[in-house]
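Subject: Structure handover

Hi,

Here is the structure we talked about. My notes follow below it.

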Amino acid sequence: MKNHVWRPLYVVIALVVAILLFRAIYVPKDFGVQERGYTFGFHRLGNEQEWKAFPAKYKESNYCNECHEDKVGSLSASQHAMIPCENCHGPALNHPEDPEKLAIDRSRDLCIRCHSALVMPSSGRNNIPGIDPATHNAEMGCSECHNPHNPSLEEM
Amino acid sequence: MKRRDFLKSTAVFVSGAALSLSALDILEPGEVLAANPELRWGFLVDTYKCVGCGFCVKACKLENEIPLEANVTRTWVERYIMTKDGQVLMDTPKGALNGFTTKLIDQNADGMKKVADEEIAQAFFVPKLCNHCTVPACVQVCPVGATYQTADGAVLVDRTWCIGCGYCIMGCPYGVRFFHPVEHVADKCTFCYHRISNGGNTACAQACPFGARRIGNLRDPRDPVARAVLHQRVGILRDEYGTKPNVYYIGLNEEVR
Ligand code: SF4
Ligand code: SF4
């Protein structure tokens, strides 16, 4: 048979070989069609491990308790007991090495997240003591009068 | 060689080389779930308990390195207000990153709206996040296998593999996906896979002072989340899409979409 018939076949074969070679080098070993077939299972298994290794920033209040037992104790005796330390103090990742101190959020904005009075009859929000932030000592920080670790004014 | 044979052998060779055998197995999703019966992550949201403080949104952003002020979030909280004359108003200022602090309800083009206290019939907050669906539309449409589901049910995005085509963002019926402003790949809630798979809680659930959010194992009959899903009246979002979500809501009603 004539050469012009074979030539396209060589081109096709060369292309296929090139694609397969590229694929073999580029695609990681653990990439494949996992249990659920092409539609739902097609992925790189190693990525699950990569996500598991993502650093966690929040340590949770038990971690705080290891050094700040007094603070955690006074907070947990107050009406704010349910608020985790890190909600105001920020995520404790690497503390106390770096940062040595956590930046405390003392802003009015933080308090009015819960304490700005809204009428929400189908939500727990209705049971939280609320103020109108525009009229309730508008220029002051809440923590000037209320101790966040023991917010009840009667007990101060 | 005849022309016919040539075409035939070329076709056989090319298709044989391009298709690996494993591509021909198609498994039922049910079979796979049955293969891993011990663990299936699920999430429970209690709309009665949520107070719209948005601590969950802030914690999620800090934990998962989503820039705080960027207008994208992995979770957000919606406020619903139903008036006595039958109107339904909804808003989610900045995804509730700073909570709900005003009575004014953002109605977009119609401006800020205030409903008189005595006009409010029903009002509540609805936290939203990725539903980690049993039949995830985003996984189905991802052309490169970057979005996938783990055997224990978390839907994750492989950042090194995502090509940024945006199909998953279009495919998700819940609109929980976005492009990460720093990573420049598709992003979404991971159920804090790095925390839960190491024995921890999700960042949003641990930050919620009211216990409105919980992660749990749906396959463990003693797990509080599984118990609530089995024994209480729980709802899921947009059942009609057939994605079989694994985020369950207590106190959901039909106005919530
Ligand atoms: S589970 Fe984690 S990633 Fe998902 S919404 Fe909660 S904090 Fe964000
Ligand atoms: S932290 Fe809890 S109460 Fe606050 S908005 Fe989120 S789910 Fe609701």
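Start with B:T47, which sits in the loop between β1 and α3 (55-64) of chain B. Helices (H or I, at least four residues) and strands (E, at least two) are DSSP runs, numbered from the N terminus. B:T47 counts as buried because its relative accessibility is 1%. Here buried means under 20% relative accessible area, exposed over 50%, and partly exposed in between (1.4 Å probe, protein chains only).

Before the rest, the ground rules. This is a predicted model, in which local features need pLDDT of at least 70 and side-chain atom pairs count only at pLDDT 80 or more, while totals for chains, interfaces and linings use all residues. Residues are numbered from 1 along each chain as its sequence is written, chains are lettered from A and ligands numbered from 1 in the order in which they are written, and side-chain values use heavy atoms, with hydrogens and water left out.

Back to B:T47. Its side chain reaches the backbone oxygen of B:I250 at 2.8 Å. A polar atom of that side chain also lies 3.0 Å from the backbone oxygen of B:G251. A polar contact is a pair of N or O atoms within 3.5 Å; within protein, one must be able to donate a hydrogen and the other to accept it, and residues adjacent in sequence count only if both atoms are side-chain atoms. Leaving aside neighbours within four places in sequence, B:T47 is in contact with residues of chain A, A:S122 and A:S123. Its contacts in chain B include B:F124, B:Y249 and B:L252. Contact means heavy atoms within 4.5 Å.

Helix α8 of chain B

This helix covers residues 224-231, and B:V225, B:A226, B:A228 and B:V229 are buried in it. Seen down the axis, the buried residues fall within an arc of 160°, so they line one face of the helix. The arc is that of the directions from the helix axis to the C-beta atoms. On the other side, B:L230 and B:H231 are exposed. The buried residues pack against β1 (41-46), β11 (213-217), β12 (234-235) and β13 (247-250) of chain B. B:D223 caps the N-terminal end of α8(B), with a side-chain oxygen 2.7 Å from the backbone nitrogen of B:V225.

Salt bridges

The rule is a side-chain nitrogen of Lys or Arg within 4 Å of a carboxyl oxygen of Asp or Glu.

- B:D158 pairs with A:R44, the closest N and O atoms being 2.9 Å apart. This pair crosses between chains, from the loop between β8 (155-157) and α5 (167-171) of chain B to strand β2 (residues 42-44) of chain A. B:D158 is buried at 0% relative accessible area. A:R44 is buried at 9%.
- B:R195 pairs with A:E60, with the closest N and O atoms 3.2 Å apart. This pair also crosses between chains, from helix α6 (residues 193-196) of chain B to the loop between α3 (46-52) and α4 (61-65) of chain A. B:R195 is buried at 5%, and A:E60 is partly exposed at 26%.
- B:K94 pairs with B:E69, the closest N and O atoms being 3.2 Å apart. B:K94 lies in the loop between β3 (88-91) and β4 (105-106) and B:E69 in the loop between α3 and β2 (76-83), so the pair ties together parts that are 25 residues apart in sequence. B:E69 is exposed at 57%.
- B:R74, B:R159, B:E183 and B:D187 are linked in a network.

Backbone geometry to check

Look at the loop between α6 (86-89) and α7 (108-115) of chain A, where A:P91 lies. A:P96 is in that loop, and a cis peptide bond joins A:H95 to A:P96, with omega about 15°. The peptide bond from A:D98 to A:P99 is cis, with omega near 10°. A:N94, in the loop too, has a positive phi near 70° and is not a glycine. In chain B, B:R238 has a positive phi of about 45°, again not a glycine. B:R238 sits in the loop between β12 and β13.

Chain B overall

Chain B has eight helices and 13 strands. Of its 257 residues, 52% count as buried.

Best wishes
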